[in-house]
Amino acid sequence: MQVRVLFFGVLKDLAGQSSDSLTLPEHATLGDVLAHYQMRIASFGNLSASLALSVNQQYAAPETELHAGDEIAFLPPVSGGLS
Amino acid sequence: MPLECLKCVQIVRERIDVPGFVNKMKCPDDGAVVVFEGVVRNNSRGRRTLFLDYEAYEEMAITQMNDLIEKVFSQFAIREVVIVHRIGRLQIGETSVAVIVASAHRAAAFDACRWLIDSLKQTVPIWKKEYFEDGAVWAPGEPFPAEILRPRDLPSQKPASN
């Protein structure tokens with residue numbers, strides 16, 4: 001199944017692209033997609049603990065099972081500045 | 001949420017007309033209007049800022065801001081709220097985000113406004129890249145709240161519609 005992956009903020013710079021298309025086996029999870037990019041993109045692993053993940057524009061846990069056509073995003077912490 | 005709160009939440013690419021929003025919102029039931037403007041500052045951590053680029057995961061940012069609107073009405077005795085976030089390139093002194101709250105009494109307006117901007121900066125997917133004379137850096141943020149990193153309810157497993 002095909003899914004769309006979006007990168008934002010610093011992740012976009014690290015990935016060298018703002019979006020990607022991925023072919024996954026059935027029952028693949030969000031965690032599987034995260035692991036896929038951790039292997040391929042330098043420094044992604046260091047950041048992954050602080051990232052939020054989303055599926056179809058809802059925050060989601062790594063265990064979330066994916067479906068064909070899902071839109072996944074990797075979200076760095078929101079740029080807040082010092083309060 | 002009041003039915004008339006139709007355009008409570010916006011993402012824009014042009015200058016935010018704060019007085020215009022305030023004038024449209026005011027109603028005789030209000031005893032207070034509180035306005036917060038987030039403004040581009042000329043320095044960050046000792047470096048002189050040239051300008052900022054804001055980017056957003058737009059559809060999700062709108063959803064998350066609408067979620068904050070629902071929560072703020074359930075927590076504070078306020079009448080109306082507007083949140084406007086600007087994205088794209090912003091210069092020093094320009095307003096990147098406006099949070100405007102109208103209510104009968106000021107305590108609720110102050111508290112709701114503070115809660116909204118603090119919550120927005122933790123949960124709404126918008127990021128800024130700061131440009132200095134000697135480089136650029138994505139501004140860091142606060143850690144996501146636990147309920148975002150590990151949501152208790154998995155999203156409804158509806159496939160995308162294509």
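Strand β1 of chain B pairs with β5(B), residues 80–86, in the parallel sense over four bridges. Here two strands pair if DSSP finds at least two bridges between them, and elements are DSSP runs numbered from the N terminus: helices are H or I with at least four residues, strands E with at least two. Within this pair, B:Q10 stands opposite B:V84 of β5(B). Before going on, a word on the source: this is a predicted model, in which local features need pLDDT of at least 70 and side-chain atom pairs count only at pLDDT 80 or more, while totals for chains, interfaces and linings use all residues. Residues are numbered from 1 along each chain as its sequence is written, with chains lettered from A and ligands numbered from 1 in the order in which they are written.

Both strands belong to an open, mixed sheet of four strands in chain B, ordered β1-β5-β7-β2. β1(B) (9–12) and β2(B) (32–39) stand at the edges with a single partner strand each, so one side of each has no neighbour in the sheet. From one strand to the next the twist averages 10°.

| Helix | Strands of chain B | Angle |
|---|---|---|
| α1(B), residues 18–25 | touches β2, β5 and β7 | about 15° with β7(B) |
| α2(B), residues 58–75 | lies across β1 and β5 | about 150° to β1(B) |

What lies in the loop between β4(B) (47–56) and α2(B)? B:Y57 does. This residue counts as buried because it has 21 C-beta neighbours inside 10 Å; the cut-offs are 20 or more other C-beta atoms within 10 Å for buried, 12 or fewer for exposed, and partly exposed in between, with C-beta atoms placed from the backbone. Leaving aside neighbours within four places in sequence, B:Y57 is in contact (C-beta atoms within 7 Å) with A:L6, A:F8, A:A73, A:L75 and B:P125.

A:F8 in turn has contacts that include A:F74, A:P76, B:E55 and B:W127. It is also among the residues with the most contacts inside the largest nonpolar core, which has 54 residues, alongside B:V81, B:I83, B:V101 and B:L116. Such a core is a set of buried Ala, Val, Leu, Ile, Met, Phe, Trp, Tyr and Cys residues joined through C-beta atoms within 7 Å.

As for chain A, its elements run β-α-β-α-α-β-β-β from the N terminus. Of its 83 residues, 33% count as buried.

Note on methods: Contact = placed C-beta atoms within 7 Å. Axes fitted to C-alpha atoms, helices over the stretch in contact; angles between N-to-C directions.
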